[in-house]
Amino acid sequence: MNDSSPAPAPAPTTCSCCGDALADERRVDVRFGLPDLAFELPEEARRSPGPSALLALDGGGFFVRCLLPVRLTGETELVLGAWVETDEETFRHAAEVWEDQVAYPELVVRGRLANAVMPWGEDVLGAEFTGRIVDAEELPYLVEGHGEAATGLLGETWDRDHVLARFPHPLPVAVRTDLGDGWSVERTAGFAARFEDGVDHFGARDRTVALVTFQDDEPGRSAEDFLPLLVGETPPVPEGQEHTERLEGGGIRYAFWFTPEDTGRARHELTAYVVEPDGAAAGLYCSYEEAGQHPWARHVWRSLRREYEGGPAPV
């Protein structure tokens with residue numbers, strides 16, 4: 001029996017900016033390796049009767065991995081391979097029928113969610129669900145919630161980017177990610193995310209992005225005067241490898257790109273800024289291995305934007 005749901009199939013479309021294949025955004029699968037409690041106990045406390053979707057913790061209880069479907073905006077479904085804590089009788093019955101093609105489809109699992117799934121966190125940890133077999137080739141699906149937290153998680157439609165951005169590991173789809181202070185940017189499909197020393201980092205094997213936000217501490221200074229302070233000292237930019245746009249209201253978008261000669265290997269860099277007329281600014285740095293990935297870097301830069309209280313910033 002499979003202990004995780006299948007990877008989403010790619011759709012036959014490509015990104016208009018960089019030509020990368022786009023995944024089918026209608027289903028995103030995320031798997032939790034262990035119940036949260038397992039990380040508080042020694043590794044030797046873990047016992048499995050065979051199937052990797054069943055786990056007993058000495059002094060911690062009995063767990064069955066199930067599929068938790070969550071509806072997201074944009075006609076997207078997030079399917080979480082999460083753990084449910086159940087009673088010993090249900091656990092032992094699941095172990096007995098797991099590989100039985102006749103009995104497994106009749107399996108019913110009732111228990112409490114054992115992962116503090118973000119962004120809901122502690123609000124859903126311990127929420128009670130009933131799981132049933134929807135597809136004999138997959139784990140039990142949590143199809144019924146008991147209590148407000150569980151029924152809300154299954155029944156409501158949640159903001160796609162707000163939810164998916166909380167998962168730092170690579171996802172098969174691009175996700176708009178909040179950077180704070182009203183700023184957001186598109187995190188490329190397949191990129192992991194981390195926040196370190198005040199800087200947001202996104203990365204894959206051949207490409208990386210670093211982003212930081214700023215606020216001018218001199219009231220009344222124009223974006224045009226603030227921008228040079230952000231850029232600072234830079235190597236000479238080759239002709240035709242920079243771009244400036246004036247934004248409505250006095251803001252500026254600026255980017256430059258070049259290929260450093262002292263890195264010891266082929267590498268290309270794009271550094272870019274968006275400066276708003278009120279002194280708010282954001283900068284990003286993209287590093288990529290192939291010159292043909294330059295449209296991707298420009299796409300990330302152009303996805304960088306700030307939301308005003310009444311809506312998006314003018315661009």
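How many helices and strands does the protein chain have? There are 5 helices and 22 strands, counted as DSSP runs numbered from the N terminus (H or I with at least four residues for helices, E with at least two for strands).

Hi everyone, a few ground rules before the tour. This is a predicted model, where local features need pLDDT of at least 70 and side-chain atom pairs count only at pLDDT 80 or more, while totals for chains, interfaces and linings use all residues. Residues are numbered from 1 along each chain as its sequence is written, and side-chain values use heavy atoms, with hydrogens and water left out.

For the overall picture, 46% of the 315 residues in the protein chain are buried, meaning under 20% relative accessible area with a 1.4 Å probe, protein chains only. Contacts are heavy atoms within 4.5 Å; of those in the protein chain with a separation of 6 or more, 50% link residues 24 or more positions apart.

Now let's visit strand 15, residues 199-203. Its covered face holds Asp-200 and Phe-202, while Val-199, His-201 and Gly-203 sit on the uncovered one. In a regular strand, side chains alternate between the two faces of the sheet.

Who are its neighbours? Strands count as paired if DSSP finds at least two bridges between them. Strand 14, residues 192-196, runs antiparallel to strand 15, joined by 5 bridges, and Glu-196 stands opposite Val-199. The two form a hairpin with 2 residues between them, and Asp-197 in that turn has a positive phi of about 55°.

Strand 16, residues 207-215, also pairs with strand 15 in the antiparallel sense, over 4 bridges. Here His-201 stands opposite Ala-210, and the hairpin has 3 residues between its strands.

Methods: Buried means under 20% relative accessible area, exposed over 50%, partly exposed in between (1.4 Å probe, protein chains only).
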